[in-house]
Amino acid sequence: MTTEKFRLEVANERLWNGSKPVPTSNKAFQLLRLFVSNPNRLLTKDDILRGVWGHLCVSEGLIKEYVHDLRLALGDDPKHSRFIETVRGRGYRYLGGIETDVDCARSAVKRSRSANGLSLAVLAFASLSEDRHQEYFADGISEDIIIGLSKNPHLSVISRNSTFAFKGKSCPVRDIAEALDAQFVLEGSVRRIGSRLRITAKLIDATGDRHVWAETYDRDIGDIFAVRDEVVSSIVHALGSFDGAVERSAQSRTAGIPNTNLTAYDCYLKAQGHFHRRHGSGYDTAQKLYEEAIELDPRLARAYTALALLHFQRFKVYLLEPLENVRRKTRDLANCALQLDPGEYLAHWVLGRLYGQMGRRAQSLAAFERALLINPNDANVLADFADFLVYCDRKEEALGHCQRAIRLNPICPDWFWWHLGFTYFHLGRYQDALHSLERMVSPGQAHRLLAAVFAQLGRLGEAHDAAARFLSANPGFSIDAWASTQPYMNPKELQRYVDGMRKAGLPV
């Protein structure tokens with residue numbers, strides 16, 4: 001009789017056999033986590049590829065390799081499976097038998113949630129199609145959203161087994177949230193009408209029983225599964241990104257609470273509200289609150305990441321500090337976050353931006369790829385990755401990442417349009433660059449790039465006007481000083497930008 005007692009420690013990405021750690025590769029662990037999150041459910045090869053590798057194109061043969069690795073780690077015989085069953089020609093089924101730290105810690109969730117994240121339950125989407133046999137498709141949408149959101153380490157996502165227990169039942173959302181111990185509930189519906197597909201989704205803050213986000217997606221069915229993936233990715237980003245609906249709603253609850261009553265996590269959320277106002281007093285207040293959150297809880301990884309990002313933004317976006325002033329602070333804070341939580345994907349994002357700016361391309365690429373491996377649906381990371389790829393002279397790849405970021409976040413902030421304009425500029429598509437920059441609500445710092453775009457289009461009057469607007473906000477700017485900080489791999493691309501700024505009349 002076997003004495004193994006396996007436990008999956010999700011938060012720290014470790015597998016234990018009793019008190020002994022069991023070595024696993026990162027991908028094998030991600031696959032095991034997917035299995036454990038879907039007990040007794042057939043996972044097809046497509047489910048696994050999408051759940052573990054996201055939008056990366058990889059061979060199906062990799063699945064067999066990692067299943068083999070897991071079986072070796074678990075001592076599982078495929079002919080007499082205890083943990084992972086092969087469903088020949090279809091996929092795999094996890095049979096249970098492995099505990100998770102989520103199960104062990106469930107009783108402590110309410111006590112620790114304010115410092116550890118936000119919990120979300122995705123209910124089974126209702127099928128409103130006339131054909132009752134289409135119910136599987138609505139279930140698939142719900143499951144894909146659960147898998148996508150579960151990849152975000154900042155969210156605690158209730159498992160499908162628990163949320164689907166309420167399928168078809170008429171229960172108040174508040175009661176469901178209480179039963180599942182969830183702060184937020186996502187519900188929705190799927191309707192197929194002829195060649196059209198309509199998916200609606202709405203997020204409810206169960207604490208106050210109020211709707212905080214809703215969206216309707218109308219699409220031509222075409223490749224129905226590609227449409228499904230696009231919609232699911234958009235919902236996952238809208239809810240789970242660092243400036244997404246879940247976090248914004250949590251921020252609004254803390255806005256009127258006096259500082260003395262805030263927990264560390266509430267303090268962090270309040271800082272986020274100031275950070276997203278950007279510039280001036282917003283950044284100054286945010287910095288103080290992030291630092292206060294760290295004092296209250298020195299293990300709050302997200303506060304270190306946010307503070308690292310704030311310092312980098314002072315240099316990168318607002319030119320308030322030189323790179324040498326913020327480089328060490330940014331790097332040290334991001335590394336502190338990763339020491340506390342290796343799954344803190346936004347810290348990898350910040351390091352990707354920093355290393356890219358420093359010209360350390362291999363490290364930047366590795367950091368960006370790690371961030372997207374952990375959370376492949378964060379449009380903010382994709383948009384910034386595009387910026388890095390432009391500097392690496394991989395402009396066509398950059399364009400693809402920018403366009404996908406905007407598809408994921410169609411009501412995007414201005415800087416998405418700046419990145420798209422920046423990419424088009426370096427592709428020599430100056431008119432497209434202008435159209436992108438004109439989509440910005442508040443061009444602000446983009447007047448420097450606008451000046452170069454107008455100059456390269458031969459519209460010198462407008463170029464001079466844009467340059468004057470930029471200089472009024474940045475009177476100490478010089479092209480040579482700026483150019484010395486730019487990490488272009490191809491000197492011709494830097495020269496393209498410099499030539500545009502000189503034609504526009506910006507000072508050398």
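Predicted model: local features only at pLDDT ≥ 70, side-chain atom pairs only at ≥ 80, totals over all residues.
Aspartate 465 counts as partly exposed, because its relative accessibility is 42%. Aspartate 465 forms a salt bridge with arginine 469, and the closest N and O atoms of the two are 3.3 Å apart. Arginine 469 is likewise placed in the partly exposed class because its relative accessibility is 48%.

Helix α22 spans residues 460-473 and has 14 residues. From its first C-alpha to its last, α22 reaches 20 Å, close to the 20 Å expected at 1.5 Å a residue. Which residues of α22 are buried? They are Ala463, Ala466, Ala467 and Phe470. These residues cover an arc of only 100° around the axis, and therefore they lie on the same side of α22. On the other side of the helix, Gly461 and Ser472 are exposed. The buried residues of α22 pack against two further helices, α21 (447-456) and α24 (491-504).

Arginine 496 and glutamate 493 are both buried. Salt bridges that share partners join Asp393, Lys395, Glu493 and Arg496 into one network.

Side chains of opposite charge can pair when their charged atoms come close. In this model the count comes to 18 salt bridges. One of them brings together the side chains of aspartate 218 and arginine 198, at 2.8 Å from N to O. This pair links distant parts of the chain, for aspartate 218 belongs to strand β13 (residues 210-220) and arginine 198 to strand β12 (residues 196-205), 20 residues apart. Aspartate 218 counts as partly exposed because its relative accessibility is 31%. Arginine 198 is also counted as partly exposed, because its relative accessibility is 41%.

Attention may now turn to a sheet and the helices beside it. In this open sheet, 3 strands follow one another in the order β4-β6-β5, with antiparallel pairing. Strands β4 (42-44) and β5 (84-87) stand at the edges with a single partner strand each, so one side of each has no neighbour in the sheet. On average, neighbouring strands of this sheet are turned by 30° against each other, direction ignored. Strand β5 is joined to strand β6 (residues 91-94) by 4 bridges, and the two run antiparallel. Within this part of the sheet, valine 87 stands opposite glycine 91 in β6. Helix α1 (residues 26-36) packs on the sheet and touches β4, β5 and β6. The direction of α1 makes about 65° with that of β6. Helix α2 (residues 45-53) lies across β4 and β6, and runs at about 75° to β4.

Where does aspartate 243 lie? Aspartate 243 is in the loop between α9 (224-240) and α10 (245-254). Is this residue buried or exposed? Aspartate 243 has a relative accessible area of 19%, and because buried means under 20%, the residue is classed as buried. When its neighbours within four places in sequence are left aside, aspartate 243 is in contact with Arg248, His276 and Asn380. The C-alpha atoms of aspartate 243 and glycine 273 are separated by 9.3 Å, while the two residues are 30 residues apart along the chain.

These views can finally be set within the whole chain. The chain has 24 helices and 13 strands. It comprises 508 residues, of which 54% count as buried. Among the contacts in the chain with a separation of 6 or more, residues 24 or more positions apart account for 58%.

Key:
Residues numbered from 1 in each chain as written. Heavy atoms only, no water. Expected span 1.5 Å × (residues − 1). Buried < 20%, exposed > 50% of the residue type's maximum accessible area, 1.4 Å probe, protein only. Arc of directions from axis to C-beta. Contact = heavy atoms within 4.5 Å. Salt bridge = Lys/Arg side-chain N within 4 Å of Asp/Glu carboxyl O. Pairing = 2+ DSSP bridges. Axes fitted to C-alpha atoms, helices over the stretch in contact; angles between N-to-C directions.
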